[in-house]
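This report describes a single protein chain for a reader who works with computed coordinates. The sequence and the model are shown first, and the description follows.

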Amino acid sequence: MIQMTKILFASDDTALCSLLCPLMKDAGYHVLCAGCGAETLELLLKEPSLIILDDMLPDGFEVCRQIRRDCSCNVPVLFLLSDDSLSHKEEAFLAGGDDDLVKPFEPGELLLRAASLLRRYRVYLGEPQRSCENWLIAGDLRVSQQFNEVFRRGERIELPDIEYRMLKLFIQHRRKIFSIRNLYETIWNEPFDHSCSNTVMVHIRKLRMKIEDDPGTPRYIRTEWGRGYCFCTQDT
């Protein structure tokens with residue numbers, strides 16, 4: 001199984017959790033949910049790569065201070081703030097936050113901020129430097145094996161985490177036919193049921209839009225009717 005990036009989401013707002021947790025899950029993240037400060041600190045043992053912390057969580061700022069002071073944790077913290085005043089932002093920063101979003105916000109912006117913080121953390125704090133990384137080359141595509149970085153004809157293309165992991169899986173197993181069930185259970189790391197088929201097909205379509213010259217007649221990700229999908233290039 002491909003390891004999914006873990007995000008710890010801490011909030012006691014059930015409506016906010018119901019909105020954001022499925023969004024992050026659909027983007028390919030493994031979401032750990034905490035409804036109080038004690039649960040947030042307990043879930044740090046699962047080693048998340050990002051913490052999204054609602055300032056309305058009881059003692060939210062103190063929880064962040066404790067993460068930094070007592071747990072010696074350098075994982076990035078994205079605060080969701082209920083107040084856009086400079087003093088409130090300053091309090092979040094002084095508590096140990098790395099970035100903030102003021103409510104209400106566009107859900108898509110949350111994903112962009114999360115991806116940016118994860119990228120910086122992996123490069124500068126959490127993982128080996130790029131001098132040690134390897135690249136997968138397929139046709140005019142170049143894909144990092146360690147970081148979510150993909151280049152097509154020398155130009156970087158932005159992929160959500162789930163599409164990056166799907167592309168990497170395809171290139172690592174060229175010409176292997178993956179059924180929809182194979183893809184779902186490998187990428188999402190969850191049991192498959194028939195309602196998941198559309199989820200896989202939507203992400204295949206989105207990935208084709210970004211890497212294919214003509215998504216309607218794909219060069220790389222080909223459909224094997226009745227069987228699934230496989231990745232091919234002229235040299236494989």
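## Burial and basis of the model

Buried residues make up 47% of the 236 residues in the protein chain, where buried means under 20% relative accessible area, exposed over 50% and partly exposed in between, with a 1.4 Å probe and protein chains only. The model is a predicted one, in which local features need pLDDT of at least 70 and side-chain atom pairs count only at pLDDT 80 or more, whereas totals for chains, interfaces and linings use all residues. Residues are numbered from 1 along each chain as its sequence is written, and side-chain values use heavy atoms, with hydrogens and water left out.

## Overall form

The protein chain contains 8 helices and 11 strands, these being DSSP runs numbered from the N terminus, with helices (H or I) of at least four residues and strands (E) of at least two. Its radius of gyration is 19 Å, close to the 18 Å that the globule rule gives for 236 residues, so the chain is as compact as a globular protein of that length; the radius is taken over C-alpha atoms, and the rule is 2.2 Å times the number of residues to the power 0.38. The C-alpha trace spans about 55 × 40 × 30 Å along its principal axes.

Of the contacts between residues at least 6 apart in sequence, 54% join residues at least 24 apart, a contact being heavy atoms within 4.5 Å. The accessible surface of the protein chain comes to about 12100 Å², and 51% of it belongs to carbon and sulfur atoms; these areas come from the Shrake-Rupley method with a 1.4 Å probe. There are 30 positive and 36 negative side chains, with the centres of the two sets 10 Å apart. In this count Lys and Arg are positive and Asp and Glu negative, while His and the chain ends are not counted, and each charge is placed at NZ of Lys, CZ of Arg, CG of Asp or CD of Glu.

Helix α7 (residues 180-188) has Leu183, Tyr184, Thr186, Ile187 and Trp188 as its buried residues. These residues pack against α1 (14-26), α6 (161-172), α8 (197-211) and β11 (228-231). After α7 comes asparagine 189, which has a positive phi near 55°.

The structure holds 6 aromatic pairs, where rings of Phe, Tyr and Trp (its six-membered ring) pair if their centres lie within 6.5 Å, and planes under 30 degrees apart count as stacked, over 60 as edge-to-face and the rest as tilted. The ring centres of phenylalanine 170 and phenylalanine 178 are 5.7 Å apart and the planes stand at 80°, so this pair is edge-to-face. Both phenylalanine 170 and phenylalanine 178 are buried.

Leucine 20 lies in helix α1 and, at 0% relative accessibility, counts as buried. Leaving aside its neighbours within four places in sequence, leucine 20 is in contact with Phe9, Leu80, Phe105 and Leu110.

Tyrosine 29, in the loop between α1 and β2 (30-34), is also buried, with a relative accessibility of 6%. Although tyrosine 29 and methionine 4 are 25 residues apart in sequence, their C-alpha atoms are 5.8 Å apart in space. Not counting residues up to four places away in sequence, tyrosine 29 touches Met4, Thr5, Ile7, Met24, Leu111, Ala115, Leu118 and Asp161.

## Loops and backbone details

A cis peptide bond, with omega about -5°, joins lysine 103 and proline 104, and proline 104 lies in the loop between β5 (99-102) and α5 (107-126). Glutamate 47, which is not a glycine, has a positive phi of about 55°; it is placed in the loop between α2 (37-43) and β3 (50-54) and is exposed at 64% relative accessibility. Arginine 175, likewise a residue other than glycine, has a positive phi near 70°. The loop between α6 and α7 holds arginine 175, which is partly exposed with a relative accessible area of 48%.

Glycine 216 is found in the loop between α8 and β10 (221-224) and is exposed, with a relative accessible area of 67%. Glycine 216 and arginine 122 are 94 residues apart in sequence and 35 Å apart in space, C-alpha to C-alpha.
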